[in-house]
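Please look over the sequence and the 3D structure shown here.

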Amino acid sequence: MEDTKWIAFFSQTGSEIADIAEALGRWPDRIITNERPEHLRTIDPRIEERNYWTFPNKPTEENYLEVLTYFPDALVTLHGWLRVIPEVVCERSEIFNGHPGLITKYPELKGKDPQVKAFEGKYSEIGSVIHRVTAGVDEGEIKSSESVKVKNISLDETFGILRKISLELWVDFLKKY
C-alpha cells in the first residue's frame, strides 16, 4: 500500500478515515467530502487540518473523473460516503466501501443505516463488510467481513461494536492491499 495512491471519501465526520490513517501510520493522498450545511455535521478535527476537497452535495460523473485524473491508478475507499458512484467511475477505478451491516447473511441490511436496522430487528449476529463498489447500492463482491454474536445490547453498543469491527477490517484490508 505504501506506493499506492489512496483517495478516501466521506459524507459524515471523517473520523473513520482519521482512525484508519493513524493505525496505518499513513494518510490518504486525497480526502474528499461533499457539501453539507454546518448544522448537519462536524468534521473530525484531524480531517479539518488536512487538505481535503469538497464536492457538490450531489456530485456529477465529472466531479469524480476530475479527481481520478490527478490520481489515475489510486485505490479509492468509501467511509460513510452517502452517494451512489456512477457506473463509468466504478468501472474505471478500484473502489471499495466499508458497510456496517452483515449483508453476507442479511441482504436486507444493504443501504443506509444498517446499524439501526440490525438493532431494531434484534439480530443475534452483527458485523461489517468491505466490498467492491459497483453502480448498485452495496452490490459488489465482498472482499472481507467479520461478525460477532450479540444479545440484549443497546443501540450505542451496536454502533460501537460495528465501528470497532469496521476499523479492524479496514486496517487489515489496507495493509494487505
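Is Y70 buried or exposed? Y70 is exposed, because its relative accessible area is 52%, and exposed means over 50%, buried under 20%, and partly exposed in between (1.4 Å probe, protein chains only).

## Basis of the report

This is a predicted model, in which local features need pLDDT of at least 70, side-chain atom pairs count only at pLDDT 80 or more, and totals for chains, interfaces and linings use all residues. Residues are numbered from 1 along each chain as its sequence is written, and side-chain values use heavy atoms, with hydrogens and water left out.

## Aromatic rings

Twelve aromatic pairs are found in a search of the whole structure. One of these is formed by W53 and Y70, which are edge-to-face, with 5.3 Å centre to centre and 85 degrees between the planes. The pair links distant parts of the chain: W53 is in strand β3 (residues 52–55) and Y70 in helix α3 (residues 61–70), 17 residues apart. Rings of Phe, Tyr and Trp (its six-membered ring) pair if their centres lie within 6.5 Å; planes under 30 degrees apart count as stacked, over 60 as edge-to-face and the rest as tilted. Helices (H or I, at least four residues) and strands (E, at least two) are DSSP runs, numbered from the N terminus.

F9, F55, Y64 and W81 are linked into a cluster by ring pairs. At W27, R50 lies over the ring face, 3.9 Å from the ring centre. A charge sits over a ring if NZ of Lys or CZ of Arg is within 6 Å of the ring centre and within 35 degrees of the ring normal.

## Helix α1

Helix α1 covers residues 15–24, and its buried residues are S15, E16, I17, A18, I20 and A21. An α-helix has 3.6 residues a turn, so residues three or four places apart point the same way. The buried residues of α1 pack against β1 (6–10), β2 (30–34), α2 (45–48) and α6 (155–176), where contact means heavy atoms within 4.5 Å. After α1 comes G25, with a positive phi near 75 degrees.

## Pockets and the cavity

Rolling a probe the size of a water molecule over the atoms shows where empty space is left. On a 1 Å grid over the protein atoms alone, a cavity is a set of points where a 1.4 Å probe fits but cannot get out, and a pocket is an open set with protein on both sides within 12 Å along at least five of seven lines; lining residues have an atom within 4 Å of a point. Grid points are joined across faces, edges and corners, and a volume is the space filled by probe spheres set on the points.

The largest pocket holds about 850 Å³ of space. Its lining has 33 residues, and the closest to the pocket centre are G80, W81, L82, G98 and P100. Two or more lining residues come from each of α1, β5 (94–99), α5 (114–120) and α6, and α6 gives the most, with four. By class, the lining has twelve nonpolar, 15 polar and six charged residues. Ala, Val, Leu, Ile, Met, Phe, Trp, Tyr, Cys and Pro count as nonpolar, Asp, Glu, Lys and Arg as charged, and the others, Gly among them, as polar.

In the second largest pocket there is about 160 Å³ of space. Residues lining this pocket include F119, K122, Y123 and T158. One cavity of 30 Å³ or more is found in the whole structure. The largest cavity has about 40 Å³ of space and is lined by F9, Y64, L68, V76, I85, V89, S93 and I95. Seven of these lining residues are nonpolar, one is polar and none is charged.

## Loop residues

Most residues other than glycine have a negative phi, and most peptide bonds are trans. D113, in the loop between β5 and α5, has a positive phi near 60 degrees. K122 has a positive phi near 55 degrees and lies in the loop between α5 and β6 (125–132). D113 is partly exposed, at 37% relative accessible area, and K122 is exposed, at 73%.

T134 is in the loop between β6 and β7 (142–149). T134 is partly exposed because its relative accessibility is 31%. Not counting residues up to four places away in sequence, T134 touches C90, E139 and G140.
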